[in-house]
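Dear colleague,

Please find the structure below, handed over for your records.

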Amino acid sequence: MLATERQPDSAETALKRVPLHDLHVARGGKIVPFAGYEMPVQYTAGVLKEHLHTRASAGLFDVSHMGQITLTAKSGRVEDAARALETLVPQDILAVPHGRQRYAQFTSDAGGILDDLMVANFGDHLFLVVNAACKTEDEAHLRRHLSGTCIIEPLPDRALIALQGPKAVEVLSKHAPTIAAMKFMDAGPHTVQISDQAIGCFVSRSGYTGEDGFEISVPAKDAERLAAALLADPAVLPIGLGARDSLRLEAGLCLYGHDIDTTTTPVEGALEWSVQKSRRTGGARAGGFPGADVIQKQFETGAPRRRVGLRAEGRAPVREGAALYASETSPEKIGAVTSGGFGPTLNAPVAMGYLPTSLSTEGTAVFADVRGQRLPLRVSAMPFVPNGYKR
Amino acid sequence: MTTLYTSDHEWLRIEGDVATIGITDYAQTQLGDVVFVELPKVGRALKKAEAAAVVESVKAASDVYAPITGEVIEINDALVADPALINSDPGKAAWFFKLKIANKGDLDGLMDEAAYKAHTA
């Protein structure tokens, strides 16, 4: 068995390392290639325990492979940076107050999604966090379109550490009391005290697990000290990418390149909630982003397909790539699973996929082809597990 | 009673012309937490190297191949009900299925415990 264990080929041996690499190895991290980096997929506890621990207590995730980029208007005014960014995203960035962040997407001329990201207003500039696999292209995209009016500065010397779970606030506030007052999607500078050292960090109260938690941007040279201090708390376990994926799947959160990509619009991706009225037809700053005509039309007349949650009726996981059908015998493929696996908190298989909009209502029965058999699924609301956000 | 091993991490316990088959501790460590197992039906005729069962961890599915040719005479329902047994007791409680051995010669190519230990060292 184990025929599916894939060995890295020589092209992948030139992998980059995150600042916390040695810590991952020392803690028993099983290192695998991911987005060009060596990353821990799990530690000694294993994916299941790491997942459950995050929802019950606090998990520490190294997401330093992701891209951190600042966008500063040459005028020095954040409003100008916001207006500039609005030419690339369908979100209202101008309305994001100082100290807050917003979920956004870079769209293509066809209305598809080039990447999804978080955008924070830090008072005199915007702070962007983008996906690891897209960060090089995202930086090029920003430069190509905005370098006339803005300064684009990647921050490769910063690590990004996420602390997620119901005990995260208790753990982090021992080192940074000011974070306790943050609400979900607040973002800004906070000092984190580790013994006698005061470390200047950028902290957001957000994450990718559906739980309350924080993402901490820290200078790379201070990352190990910060991570070690947080891991010293008995409430905290290190969590690998395996559990990160099962956590975000149960939370109904998209994984770029799988659930959303250049072929999916924000409407098809069920992300209309992230496109504020001001950018839609009739709004104060309607359109003006790539693919606006396609996306506005979908807002008006609907999109042909939609991303939905899927619950299996049995125990077999239904995974990415599985074809979806309207019946047990119909030969016509109506959609596909884009993310799927086992949800440890639900103790059941969970998946996301695309179906024709007419079949996207909760409770609709569909079938997935798994190893030649048609397994029954039902369209389910997301998140599959209730959020723990502190709004 | 002898226990033999395959190079892809299955064990076989031979008693007369019946082989009880499972996967090794090495295999379960590689797999991680198991959440689902699909076993062949009783009565199925398996050819050596044919895909016989599926083990799913949280992240991925893995095939288990028939180590020898034979007929499935019994399957482990307790394993289907509790897939995590593979992680906790891969060598005993988490047996997958029993085969009626078609050809004793198939056993010749398999490893004994010492050889398997060397294989996974």
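Domain bounds here come from an automatic or database domain assignment. On that basis, chain A is divided into domain 1 (12-58 + 157-250) and domain 2 (304-384). This is a predicted model, in which local features need pLDDT of at least 70 and side-chain atom pairs count only at pLDDT 80 or more, while totals for chains, interfaces and linings use all residues. Residues are numbered from 1 along each chain as its sequence is written, and chains are lettered from A and ligands numbered from 1 in the order in which they are written.

Taken over C-alpha atoms, the centres of domain 1 and domain 2 of chain A are 31 Å apart. Eight residues from domain 1 of chain A and ten residues from domain 2 of chain A make up the contact, where two residues are in contact if their C-beta atoms, placed from the backbone, lie within 7 Å.

On the side of domain 1 of chain A that touches domain 2 of chain A, α2 (47-56) and α7 (241-250) of chain A each supply at least two residues. The largest share, four residues, comes from α2(A). Helices (H or I, at least four residues) and strands (E, at least two) are DSSP runs, numbered from the N terminus.

In chain B, UniProt lists Lys59(B) for "modified residue: N6-lipoyllysine" in an unreviewed entry; such annotations may be inferred rather than shown by experiment, and positions are given in the numbering used here, with feature names shortened. Lys59(B) lies in the loop between β6 (51-57) and β7 (61-65) of chain B. Leaving aside neighbours within four places in sequence, Lys59(B) is in contact with Val47(A), Gly242(A), Gly341(A) and Gly32(B).

Yours sincerely
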